[in-house]
Amino acid sequence: MQAITVRDRDAGLAGMSLTDMPYPHAAENDVIVRVHAAGFTPGELDWPATWTDRAGRDRTPTVPGHELSGVVVELGYGTTGLSVGQRVFGLSDWARDGALAEYTAVEARNLAPLPADIDHAVAAALPISGLTAWQGLFDHGRLTTGQTVLIHGAAGGVGSIAVQLAREAGARVIGTGRASGRDTALALGVDTFIDLQTEKLEDAGEADVVFDVIGGDVLDRSAPLVRAGGTLVSIVMPPKVQPKDGRAVFFVVEPDRTRLADLATRLRDGRLKPVVGAVRPLAEAPAAFAPGQRTPGKTIIRVTED
Ligand SMILES: NC(=O)c1ccc[n+]([C@@H]2O[C@H](COP(=O)([O-])OP(=O)(O)OC[C@H]3O[C@@H](n4cnc5c(N)ncnc54)[C@H](OP(=O)(O)O)[C@@H]3O)[C@@H](O)[C@H]2O)c1
């Protein structure tokens, strides 16, 4: 089968290419999915799990892209809950080969059934962004109705979903990003938008939850904006600066079949709309990863025509 592989950590993006790979093995409780569409997260080549297995052993060359939508073609030993021919979508294990491939092995519990009327390219945009946004806002951030949340990168993959979920939960939303993201963020429902290049982040005022997807200086400057008792949630790096009277959390998104099903329902109801900036073929995945090549929202890789 054909897959995108990354050769080794030192080469990084330069070591990414379209390659022939062996068809994957279905382990216990796995399914093999014929991938129709897949997504990736821009920073994943920096994550340890891209290069090593859970025991820390080198597993290169590896296949990136850990969110997918497709059709089950094989069940592993003892697998229940899904069947051959079923449409599914979900998040695959960060420490195994991913979904930028014609076939991928995934634990069945990490996938949810995909309703027939949802396009694979739309479904593939939901698992990482949708689960990360939900877990960041509500599980870690404990955001509730009437509170204020500041969401950095509000027009991006995770931020754009977080804005919609926070709005629906009845929160006041301050979004940040670059000038090019302003219109997208306002259309998604932010109450205020701060262009981090030309406006002062500190003018945003305090928030009960600050959700950071940028890291570095933006993350450091976010801690003082957390209201007493509030939470600074980061998905890029552990915060170095702690809120004076609040919590700081860094986390990596976890699979959740029930939440995926809930996100699919919101999508069908028109309450949630992933921002898909581009859909590109598998051979163009290396270009899609390149900094500066990305369009607002998610870039989705179409692996198999429906
Ligand atoms: N821990 C986890 O579980 C987890 C899960 C998902 C994602 N992540 C990480 O979170 C990060 C964001 O992911 P994503 O999919 O949302 O990425 P994305 O689609 O690129 O969104 C990031 C947004 O932030 C904006 N931005 C970035 N740097 C900025 C700066 N210095 N000033 C102003 N705006 C800036 C981007 O604008 P431009 O597009 O104009 O640059 C974009 O709108 C990535 O590093 C990813 O790897 C972590």
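Is Glu199 buried, exposed or partly exposed, and why? Glu199 counts as partly exposed because its relative accessibility is 33%; here buried means under 20% relative accessible area, exposed over 50%, and partly exposed in between (1.4 Å probe, protein chains only).

1. Basis of the note. The structure is a predicted model, in which local features need pLDDT of at least 70 and side-chain atom pairs count only at pLDDT 80 or more, whereas totals for chains, interfaces and linings use all residues. Residues are numbered from 1 along each chain as its sequence is written, and side-chain values use heavy atoms, with hydrogens and water left out.

2. The salt bridge of Glu199. Glu199 meets Arg182 in a salt bridge at 2.7 Å, N to O; the term denotes a side-chain nitrogen of Lys or Arg within 4 Å of a carboxyl oxygen of Asp or Glu. Glu199 lies in the loop between strand E10 (192-195) and E11, and Arg182 in helix H4, 17 residues apart. Helices (H or I, at least four residues) and strands (E, at least two) are DSSP runs, numbered from the N terminus. Arg182 is likewise partly exposed, because its relative accessibility is 27%.

3. Other salt bridges. The whole structure holds 22 salt bridges. In one of them, Arg268 pairs with Asp117, with the closest N and O atoms 3.1 Å apart. Arg268 belongs to helix H6 and Asp117 to the loop between strand E7 (111-113) and helix H1 (120-123), so the pair ties together parts that are 151 residues apart in sequence. Both Arg268 and Asp117 are exposed.

4. The largest nonpolar core. A nonpolar core is a set of buried Ala, Val, Leu, Ile, Met, Phe, Trp, Tyr and Cys residues joined through side-chain atoms within 4.5 Å. The largest has 42 residues, and Leu137, Val149, Ile151 and Leu165 have the most contacts inside it. Among the elements that each supply at least two residues are helix H2 (127-140), strand E8 (148-151) and helix H3 (157-168). A second, separate core has 29 residues, including Ile4 and Val303.

5. Aromatic rings. A search of the whole structure finds four aromatic pairs: rings of Phe, Tyr and Trp (its six-membered ring) pair if their centres lie within 6.5 Å, and planes under 30 degrees apart count as stacked, over 60 as edge-to-face and the rest as tilted. Phe40 and Phe289 are stacked, at 4.0 Å centre to centre and 20° between the planes. Both Phe40 and Phe289 are buried.
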